[in-house]
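Trainee: I would like a close look at one helix pair and what surrounds it. Please keep it brisk.

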Amino acid sequence: MTDAPANSTDSLTVRDNRTGQEYDIPITDGTINAKDLGQIRTSDDLPGLATYDPGFVNTASCRSAVTYIDGDKGILEYRGYPIEQLAESSNFLEVAYLLINGSLPSRAEYDAWVHEITYHTFVHENVKSFMEGFRYDAHPMGMLMASVGALSTFYPDARNISDADNRHMQMVRMIAKMPTLGAWSFRHAQGKPFIYPDNDLGYTANFLSMLFKMSEQKFEADPRLVKALDVLFILHADHEQNCSTNAVRSVGSSQVDPYSAVAAGVGALYGPLHGGANEAVLRMLRRIGKKENIPSFIEGVKAGNEKLMGFGHRVYKNFDPRATIIKKACDDVFEVTGVNPLLEIAKELEKIALEDEYFIKRKLYPNVDFYSGLIYEAFQFPPEMFTVMFAIGRTPGWLAQWSELIQDKDQKIARPKQIYTGDRELTFTPAAQRWR
Ligand code: CMC
């Protein structure tokens with residue numbers, strides 16, 4: 001039994017009905033420390049009480065000062081700044097600086113940061129031959145995951161994670177090189193030559209150049225498209241303890257280098273329930289094909305045959321503020337590219353779903369992925385590339401969270417408990433006897 005905390009109202013009194021014993025467990029920041037439950041036991045030689053929480057639906061895995069979300073109110077803030085203000089008035093590299101360093105840069109700090117990122121966009125030539133080795137139809141997320149992981153072999157010093165300067169250098173390299181790797185994954189699938197970075201261009205304009213440049217001297221993207229893509233990167237830059245960030249933290253907790261940790265994050269993001277949802281939305285809209293098919297599609301969702309991709313969120317139960325900003329960005333992009341005919345189906349689907357009891361009862365609203373795929377398609381990206389865009393945007397967030405983890409004295413190697421449900425103490429019979 002623990003002593004009652006100083007302010008005993010900030011505690012939880014638990015009575016174990018198996019033993020009749022009572023325990024006072026301190027409450028800090030709205031949580032109890034799971035370790036405190038360990039003292040609740042029926043006998044000294046049996047394990048103490050633990051919690052069972054698949055998917056971490058009600059378990060805090062860390063203390064973090066990076067991103068704040070209030071899912072009920074639809075609030076998202078990076079280091080305290082509302083996402084709406086950052087999307088409107090900042091740019092992706094400034095937001096990356098903010099996430100990683102914790103405060104906005106001075107003019108000199110911003111210039112130095114942009115310079116550093118710009119001059120680390122090139123990758124070793126061997127990365128190019130490595131990427132050329134993928135099959136012609138390799139999924140770009142698979143290529144990205146493998147090539148980010150491979151960077152750890154080009155920068156073996158990255159394992160020196162306790163050195164702050166070294167950490168900074170690897171974070172700069174990763175933010176700088178991600179668009180190069182992402183663009184080259186795209187070019188590989190198209191059978192087109194890889195385009196080297198153009199350091200005269202800004203971060204997002206350079207990315208578009210590496211994606212689309214052919215024989216022209218200089219690729220000049222429409223500034224409205226550059227701005228829209230930059231906003232999309234900002235919207236994806238961090239989202240507290242989502243699946244891929246948790247993967248980065250979990251792998252990073254073994255004190256491996258950050259390239260290996262981020263490669264794990266790219267893998268987690270690839271899945272259709274996470275970043276892969278934008279690709280799935282586009283495929284779903286194409287399959288629906290026309291507005292008349294929406295009611296039967298919705299019936300299928302309600303019958304549990306499939307999910308309405310791009311709807312629902314573990315945290316947002318009212319609206320996803322990123323989806324609201326993206327809807328507006330759609331208009332800006334379509335002004336340049338012409339309207340995507342799938343937009344009409346998406347809008348009608350949203351309208352019908354939002355009025356339907358099934359979705360209302362479960363608090364299912366459009367998430368960031370519902371409209372982002374439509375914008376990416378307007379850029380003429382094939383659906384396989386959508387999650388790559390998400391990964392480029394999410395990189396500063398992964399790194400900010402990784403850097404916070406490395407400096408957090410509370411953190412230990414991630415190692416959840418399990419409830420064992422298998423057999424025990426069987427007697428092994430060698431194969432030669434079993435197969436007689
Ligand atoms: N379509 C139909 N039903 C749904 C959906 C959906 N998109 N999402 C949740 N539900 C239902 C679910 O079947 C369950 O119903 P019931 O209570 O009858 O069993 C209920 O709503 C609660 O859902 P859940 O699966 O327990 O919720 P979760 O918090 O575990 O999952 C989610 C969240 C995002 C994985 C889920 O909503 C989903 O699969 N959505 C579709 C995929 C998607 O759009 N993912 C992108 C998320 S946003 C970008 C990102 O952060 O990666």
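In which sense, left-handed or right-handed, is the crossing where helix 13 passes helix 15?

Mentor: The crossing of helix 13 past helix 15 is right-handed. Left-handed would mean that the near helix is turned anticlockwise from the far one by less than a right angle, and right-handed means clockwise. Helices here are DSSP runs of H or I with at least four residues, strands are runs of E with at least two, and both are numbered from the N terminus.

First, the ground rules. This is a predicted model, so local features need pLDDT of at least 70 and side-chain atom pairs count only at pLDDT 80 or more, while totals for chains, interfaces and linings use all residues. Residues are numbered from 1 along each chain as its sequence is written, and side-chain values use heavy atoms, with hydrogens and water left out.

Back to the pair. Two packed helices are described by the angle between their axes and the distance between the axes. Helix 13 and helix 15 pack at about 50°, and their axes are 11 Å apart. The axes are lines fitted to C-alpha atoms, for helices over the stretch in contact, and angles run from 0 to 180 degrees between N-to-C directions. Helix 13 and helix 15 are therefore oblique to each other. The classes are: under 35 degrees roughly parallel, over 145 roughly antiparallel, 65 to 115 roughly perpendicular, and the rest oblique.

Now the side chains. Helix 13 brings Ile294, Phe297 and Ile298 to the contact, and helix 15 brings Ile345, Glu348, Leu349, Ile352 and Ala353. Contact means heavy atoms within 4.5 Å. An α-helix has 3.6 residues a turn, so residues three or four places apart point the same way. By class, the contact of helix 13 with helix 15 has seven nonpolar residues, no polar ones and one charged one. Nonpolar covers Ala, Val, Leu, Ile, Met, Phe, Trp, Tyr, Cys and Pro; charged covers Asp, Glu, Lys and Arg; the others, Gly among them, are polar.

Two salt bridges bring in the ends of this region. A salt bridge is a side-chain nitrogen of Lys or Arg within 4 Å of a carboxyl oxygen of Asp or Glu. By this rule the count is 21. In one of them, Asp356 meets Lys302 at 2.9 Å, N to O. Lys302 belongs to helix 13, while Asp356 sits in the loop between helix 15 (342-354) and helix 16 (357-361), 54 residues away. Asp356 is buried, at 13% relative accessible area, whereas Lys302 is partly exposed at 32%. Buried means under 20% relative accessible area, exposed over 50%, and partly exposed in between, with a 1.4 Å probe and protein chains only.

The other is Arg287 with Glu306, at 2.7 Å, N to O. Glu306 lies in the loop between helix 13 (294-302) and helix 14 (321-337), and its partner Arg287 is in helix 12 (residues 277-288), 19 residues apart. Arg287 is exposed, at 52%. Glu306 is partly exposed, at 29%.

Helix 15 also leads on to helix 17. Helix 17 (residues 368-378) is mostly covered, with 11 of its 11 residues buried. Among the buried residues are Phe370, Tyr371, Leu374 and Glu377. The cover includes helix 15, along with helix 9 (223-236), helix 12, helix 14 and helix 18.

The axes of helix 3 (residues 92-101) and helix 18 (residues 386-407) come within 8 Å and cross at roughly 20°. That makes helix 3 roughly parallel to helix 18. The crossing of helix 3 and helix 18 is right-handed. Phe92, Ala96, Leu99 and Ile100 of helix 3 meet a set in helix 18 that includes Ile392, Pro396 and Leu399.

Glu404 meets Arg249 at 2.7 Å, N to O. Glu404 is in helix 18 and Arg249 in helix 10 (residues 243-252), 155 residues apart. Glu404 is buried, at 16%. Arg249 is buried too, at 5%. Ser403 is also in helix 18. Ser403 is buried at 7%, and it touches Arg167 and Met171, not counting residues up to four places away in sequence.
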